[in-house]
Amino acid sequence: MATLAHGTPEVIAEEVNYLNVEHGWKSWLFTTDHKRIAILYLISITLMFIVGGTFAVMMRINLLSPEGNYFSATTYNRLFSMHGIIMVFFFLVPSIPATLANFLIPIMIGAKDLAFPRVNLLSWYLYVIGAFVTMYCVFVGGVDTGWTFYAPYSSTYSNSYVLPAVAGVFVAGFSSILTGLNFIVTVHKMRAPGMTWGRLPLFVWSNYATALLQVLGTPVLAISLTLIAFERIAHVGIFDPNIGGDPILFQHLFWFYSHPAVYIMILPGMGVISEIVACFSRKRVFGYNFVAFSSMAIAVLSFLVWGHHMFVTGESVYVSVAFSLLSFVVAVPSAIKVFNWTATMYKGSVSFDTPMLYAFGFIGLFTIGGLTGLFLATLAIDVPTHGTYFVVAHFHYVMVGGMVMAFMGGLHFWWPKMTGRLYSQIWSQLSAVIIFIGFNLTFFPQFILGYMGMPRRYHAYPPEFQMLNVMSSAGASILAIGYIIPLIYFLWSLKYGPKAGNNPWRATGLEWQIASPPTTYNFDETPIVTEEAYNYGPLEEAIG
Amino acid sequence: MAETVVHVDHQDASVEATHLRHHFASAQQQMDASTLGMWTFLVTEVLFFGGMFAGYAVYRAMYPAAFASTSRFMNIVLGGTNTAVLICSSLTMALAVRAAQLSKRKALIVLLIVTMIFGLVFLYIKWVEWHAHWEEHMVPGFDFQYPVPQFAHTAQILFFLYFMMTGMHALHMIVGVGLLTYLLVQATRRVFNENYFAPVEMIGLYWHFVDIVWIFLFPLLYLIGQQHS
Amino acid sequence: MPANQHLFATLQLFPPTASSIAHQVDQLYFFLIAVSGVTTILIFAAIILFAFKYHRSRNPRATQIEGSTKLELTWSFVPLLIMLVMFWWGTRLFFTNAEPPRNAMEIFVTGKQWMWKIQYPDGGREIDELHVAVGQPVKLTMASEDVIHSFSIPAFRIKHDVVPGHYDTVWFTPTKAGHYHLFCTEYCGNQHASMGGWVDVLDRQDYVKWQSGGGGTTQGTLAEQGQTQFEQLGCSQCHLLDQQGRCPNLRGLYNKPVLLADGRTVIADDAYIRESILDPNAKIVDNFQPNIMPVFKGQVTEEGIVELIAFIKSLSPDVPASQQGSQQNPIVIAPRAEGAPSTSNSNSLNAPGKARRQ
Amino acid sequence: MTAHSPIPKVKTFVAVWATLIVLTGATSAISYVELGDWNVVVALAIAVIKASLVVWVFMGVRYTTTLTRLFVVAGLVWLSIMMLITFSDYRTRNWTYQAQPWSHTKGVGGTSSPSR
């Protein structure tokens, strides 16, 4: 047992917690503890993020010159496809749900574990199998269809390894379904006495909405990928126009999942931001009910807008009009959230701790990402911008500027709870600023490139686009540094970080009332909840 | 209508008998959680099959005549028999759950075996049908030949949908038979009683769901278009 | 020359504006930028203001505020109203821009990994190079021989996917002579990035010059080429000369309703004719038998089909000349209000006729 | 299902089973009768009735909580969202053309789908 104690004087020996209760690889690989599974997931998705990020850097290097001399077209096409597949299915989709939410949801609602702990472990194993199949795909040569797998290119024409890629995503999809299923049941059935729906932390609300999307959407992805696989293996013709198949049908099925999937990737991040903004403004979230219900509104509406990916495919124009209108409507709940977070800071007592810096970054970048989404929802503007770097910039503002920012913010916020250690404030604040600057330099020029018409997925481009591409590549290198720094100080903190104590941020919420790191069963006895979430008023008064 | 109501007093039910897992507060909570979990899983299954049904609907609207043509190559007698077999298996499954709830172990074992036999009969008949299609070169991707020339191309898509849908359904049946085997083993070990029958009930829900899928597949694949023959 | 100097010299921030719709699209684009810009600035300003004004050093004790339904409703419905303006404007423009003018010249485009094949009504062909005249509305009828491509001319603000298995159309009226990019914007395989080329918009005189200097063709007009194909493939035996009634006569067929054997009525448009060539049994005309006409799938290329359609079109005399593309009508200047051509700045033109000719 | 849930009588199950068998026979028989478009409607209507009986009695939804019922309904609603919206695209793709018979090709940004 460790004997050094940095914490409060009464702590003499390190207490038993979920990390040190058992040792050895078996105690990890066969664990059913949601916190240990969250850590397993955290390690896995970080590795996948590094792989996907490396591919992104290689792409940006190639795009330094208009001729794209550094990599061949074949290599480049596989780079962007594998970047997309890995980042979407193996990082963004599981990022917050499978790590932070897996760790926190049972604690936040006062439960000892998720409803189905073994299913939770199975979900991680499926993720790992999917990841291995995908990495196998990378090593044998990769896939070049883009993450969208559009037929008939993927089903008939591509000479790359489509089957392993499809298989990897298919398996990972079931991992996502199981996570979602577990969360839905947990939130419904495992809440502690007194933890009513109106008292749930907004992080739980947004992950509940996410879980609904995972459960309702992902099966359709599974079936559309299965169809691609059959078409490719046996040439059955379902998407083959030569015998009467319709490639557009694949797009319908694919986007029925993949548009809601965009919200799978952003909703949990919104939940994280609600927690952080409340804590570092020392205030209850402004308009709790509206923020909670806007998550549910997004969950429902996001299933009604998928056709906005198909405005120029020859989709019925009448359907396009309906999809355009609904796409504007789905922007309203997102806007409500942004306004409420901003209003939460009003008359608050704001501090610039690292998680809050990420939250600022999130709100700003998500605002830009969301507003540029309106451009793409506008029929007449989607025509010139569709399939260009405008789209690339838009979704990176939402996915990286939004979700990755939120993930980093959440990780910094709950790292002391998960590991019991504090990390360097200076370095973490610095890296947050570097990431913000690097991100904007990388992706803002891409909006301009997009309206100028530079198509996405081009390994070479006309020379007049070079200046903006060089700026973007320069930004990417800054962004990469911004992501490497946290990796270092987080690992450093595991060994050398000061003990965090139970509640380093003086935050509300059940997770801050238990030990850091928590014990295996989280609570010695089931807590009884008597107050609303974010009840910062009494806490502040007590401190004076 | 008077129903037999069994009041389970879970205060008295020992943890041993209800197989209560550590993270649940009560057997009731555990039961509720597994029920909701199962229904959530079935919702994903609905959408999984729904993707195929959507493809079916689109192509059927595109090529109605070709569809009518292909349904003439379906064996309506075998399909109808299979429908009846599955309905019978659903009945025995429902009765098996009832037996488990009433702690009637022998009845449970018998009913589970009967349900399994119905399931296997279904799979056998399905196999006979597939084999006939195989002999007639009607398996897309494997030397597909269609005797009606004007539908030579489109029929391939429709037959693919047929094999995909019935194949996925059969896969679910095979999984179902495997789950029933598990239940059978557990039942012989006297695991189930009036306080603990959740696995029987959950697998029962799954079995009924698979039956429902077939209830839709039968008219869509076999019956529509028959009137023209 | 230092590399960075060169880079800054080439820096462009906005695409050329060279079609009748480009200005309208740009206006909407600027409107959206203005709205988004103001919103972004307001939110950033609020965050910065609150972050510093209510910083813990200045405001150690937060004031607890529950929320305000009035405010929530305001910031739900005001943005919604603004967005409805965007929706209405965007949709209206989309619809106005969707219908090609009736006097549009029809050019056929076939996408193929990794090139765009262009066929002019006068029989001329080019690859990855499209020559059009200032002020002349052009309708492109596009087909793909393999995967999904997307035909995009940023300077015209147009784009449409080219999906295999059917015809897709897009139209434009060039307003400014120049040399503009043509891209494929739907990922289509290995050389996707090189599946592009140039659109040369020529002044009227230059266009006529270009047409005579190689624009003319040894093979005759598109319709004439189609006629040659028609005879080579043996279509004329039944479809023009036959009196036994085994096949429908194609004279006067184009764009007329056709009653099918299954009771439906379809219009004999490009898509119908294409399908009937490739898969004759798909739609059997009433009173005719299936399985008489051979299946031409794999026998005729998309370009060949385009020629055949042009020929069948020429058998219907009431179809406007601009759609028939006979050489006697090389150009029809469309006096569209916003498409007023500026013919003075032809100095920027590249030499016409440098297109690769097949 | 709650631990207090009533256990249905065997008679109920058998009655439902008999109804299902009869309906299977009925739908098979009706399929040989020429009803035009109504063949599809009748076949699907009978299938819906059969499925509802299985869900309501065999799967015990009549004794479950509102929450479970909500999930059942949600699954069906989402299924119909997918089917209806996808289908509406295919049904309306060629409207523009038919609306403008004077137009020489398909109209508004339209493509002609393989269907018609």
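Why is β5(C) largely enclosed by the rest of the structure? I looked up burial first: seven of the seven residues of β5(C) are buried, so the strand is largely enclosed by the rest of the structure. For burial I used this rule: a residue is buried if 20 or more other C-beta atoms lie within 10 Å of its own, exposed if 12 or fewer, and partly exposed in between, with C-beta atoms placed from the backbone. Strands (E, at least two residues) and helices (H or I, at least four) are DSSP runs, numbered from the N terminus.

Conventions. I am working on a predicted model, in which local features need pLDDT of at least 70, side-chain atom pairs count only at pLDDT 80 or more, and totals for chains, interfaces and linings use all residues. Residues are numbered from 1 along each chain as its sequence is written, and chains are lettered from A and ligands numbered from 1 in the order in which they are written.

Entry 1, the sheet in chain C. I went through both faces of β5(C) and found them covered. On one side C:Val138, C:Leu140, C:Met142 and C:Ser144 are buried, and on the other C:Lys139, C:Thr141 and C:Ala143 are buried. I then traced the sheet: it is open, has five strands in the order β3-β2-β1-β5-β8 (chain C), and its pairing is mixed. Two strands pair if DSSP finds at least two bridges between them. The edge strands are β3 (125-127) and β8 (168-172) of chain C, each of which pairs on one side only. From one strand to the next the twist averages 25 degrees; the axes behind the angle are lines fitted to C-alpha atoms, for helices over the stretch in contact, and angles run from 0 to 180 degrees between N-to-C directions.

Entry 2, the neighbours of β5(C). I noted seven bridges between β1 (residues 105-112) and β5 (residues 138-144) of chain C, paired in the parallel sense. C:Ile107 stands opposite C:Leu140 in this pairing, and C:Gly111 has C:Ser144 as its bridge partner in β5(C). Towards β8(C) the run is antiparallel, with five bridges to β5(C). There, C:Lys139 has C:Trp171 of β8(C) as its bridge partner.

C:Pro16 has 18 other C-beta atoms within 10 Å, so I list it as partly exposed. Leaving out residues up to four places away in sequence, C:Pro16 touches C:Ala155, C:Gly178 and C:Tyr180. Two residues are in contact if their C-beta atoms, placed from the backbone, lie within 7 Å. I also checked C:Gly197: it is 181 residues from C:Pro16 in sequence and 16 Å away in space, C-alpha to C-alpha.

Along the principal axes, the C-alpha atoms of chain A fill a box of roughly 75 × 45 × 45 Å. Of its 544 residues, 69% count as buried. Among contacts in chain A between residues at least 6 apart in sequence, 84% join residues at least 24 apart.

The chain A average is 92, and 97% of the residues score at least 70. Over residues 1-12 of chain A pLDDT stays under 50, and the model has 11 contacts for them beyond four places in sequence. Where pLDDT is low, the predicted coordinates should not be read in detail.

I found 77 residues of chain A in contact with 76 residues of chain C. Helix α10 (residues 317-345) of chain A gives the most to the chain A side, with 13 residues. That side divides into 47 nonpolar, 23 polar and seven charged residues. Here Ala, Val, Leu, Ile, Met, Phe, Trp, Tyr, Cys and Pro count as nonpolar, Asp, Glu, Lys and Arg as charged, and the others, Gly among them, as polar.

Definitions and conventions:
pLDDT is the predictor's confidence in each residue, from 0 to 100.
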